[in-house]
Amino acid sequence: MLPAYLSHADCLKHEMGAQHPESPERLGAVSDQLLMRGLLDYMHAFDPPLATQDQLARAHSADYLQQFAETGANVPEDGYVQIDPDTRINAYSYRAALRAAGAAVMAADLVATGKAPVAFCNIRPPGHHAERAAAGGFCFFNNVAVAILHALDTYGLERVALVDFDVHHGNGSEDILAGDTRVLMCSSFESGIYPFCGDVPKAANMVNTGLPSRSGGKAFREAVSQHWIPALDAFRPQLLFISAGFDGHREDDMGNLGLTEADFEWVTRELVGVANRHAKGRIVSCLEGGYELSPLGRSAAAHVKVLIGAD
């Protein structure tokens, strides 16, 4: 039984312009590093399906789903539709978003049913800024939230945890999951940057650890050790999801936390420990941010190496 690797060519067709940082090349940067380091040899690759409307409706409002579907269906073949100042869609974006959410759901199915011990989804568009009724921050469907609510409703789980270490707070995930006592969400992020929130949690099931600019790995590790791990151990999740954003890397100018591959490797090892103690080792990880291609690929490989037990 091999760890699962989920990606799809549809995710490459979504693009937001030649100079946009959330580019199709991001997926290749990750897959190239996984291939070069031999990690894909230890993983079973799956072609994920499109997410269904019923699956999406657990996390998103009916009005939003209808609006985005209609917008996506009317994008000119060679043009874009602007969603917010930083986010746009092309003619292939809607299908790519369905595929990314579908990958997260399939990963949850594989891990929850014991067909894979862990899963990594190399997908885009990312999802953690997508709120219940709004897109934003390069995100359209909240891939991880869709998968979490699917797993809770399908497999009778009582406790699922989400850990988000992107440099930007997962405001969309918090919007969807705040107050759901079946879920514990832990989010680290750089305070004072997009989406300009998170320092005050929306509900008791949120453990938000905003960090000052230029904090570095030591402050990040202290926040995880002092706040996340005790909360996760007390919660005892039966399944663990990760929003894996690598834009906190010191070479990525999307943020300024100053993290390195070693920090992503360390936090993954800590989360594997939590999963081993409480969730039979079961983890689903989904790519979120990371925009400088070289550090993105290196950091994702460091994460996956530990996730699949190849370290």
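## Gly245

Gly245 counts as buried, because its relative accessibility is 0%, and buried means under 20%. The model described here is predicted. Gly245 sits in the loop that runs between strand S9 (239–244) and helix H9 (261–278).

Leaving aside residues up to four places away in sequence, Gly245 touches Phe165, Asp166, Phe264, Glu288 and Gly289. Leu296 is 51 residues from Gly245 in sequence, and their C-alpha atoms are 8.8 Å apart in space.

## Helix H9

Phe264, one of the residues touched by Gly245, is also among the buried residues of H9.

The length of H9 agrees with expectation, because 18 residues at 1.5 Å a residue should span 26 Å and the end C-alpha atoms are 26 Å apart. After H9 comes Lys280, which has a positive phi near 55°.

## Largest pocket

The largest pocket has a volume of about 160 Å³. Its lining consists of His20, Asp86, His129, Gly137, Phe138, His168, Tyr194, Met254 and Tyr291. By type, the lining residues of this pocket divide into four nonpolar, four polar and one charged.

## Annotated domain

An unreviewed UniProt entry lists residues 20–307 as "domain: Histone deacetylase". In the model, this span is 42% helix and 15% strand, and its end C-alpha atoms lie 30 Å apart.

Notes
Residues are numbered from 1 along each chain as its sequence is written. This is a predicted model: local features need pLDDT of at least 70, side-chain atom pairs count only at pLDDT 80 or more; totals for chains, interfaces and linings use all residues. Side-chain values use heavy atoms; hydrogens and water are left out. Helices (H or I, at least four residues) and strands (E, at least two) are DSSP runs, numbered from the N terminus. Buried means under 20% relative accessible area, exposed over 50%, partly exposed in between (1.4 Å probe, protein chains only). Contact means heavy atoms within 4.5 Å. On a 1 Å grid over the protein atoms alone, a cavity is a set of points where a 1.4 Å probe fits but cannot get out, and a pocket is an open set with protein on both sides within 12 Å along at least five of seven lines; lining residues have an atom within 4 Å of a point. Grid points are joined across faces, edges and corners, and a volume is the space filled by probe spheres set on the points. Ala, Val, Leu, Ile, Met, Phe, Trp, Tyr, Cys and Pro count as nonpolar, Asp, Glu, Lys and Arg as charged, and the others, Gly among them, as polar. UniProt positions are given in the numbering used here, feature names are shortened, and annotations may be inferred rather than shown by experiment. The expected span of a helix is 1.5 Å times one less than its number of residues.
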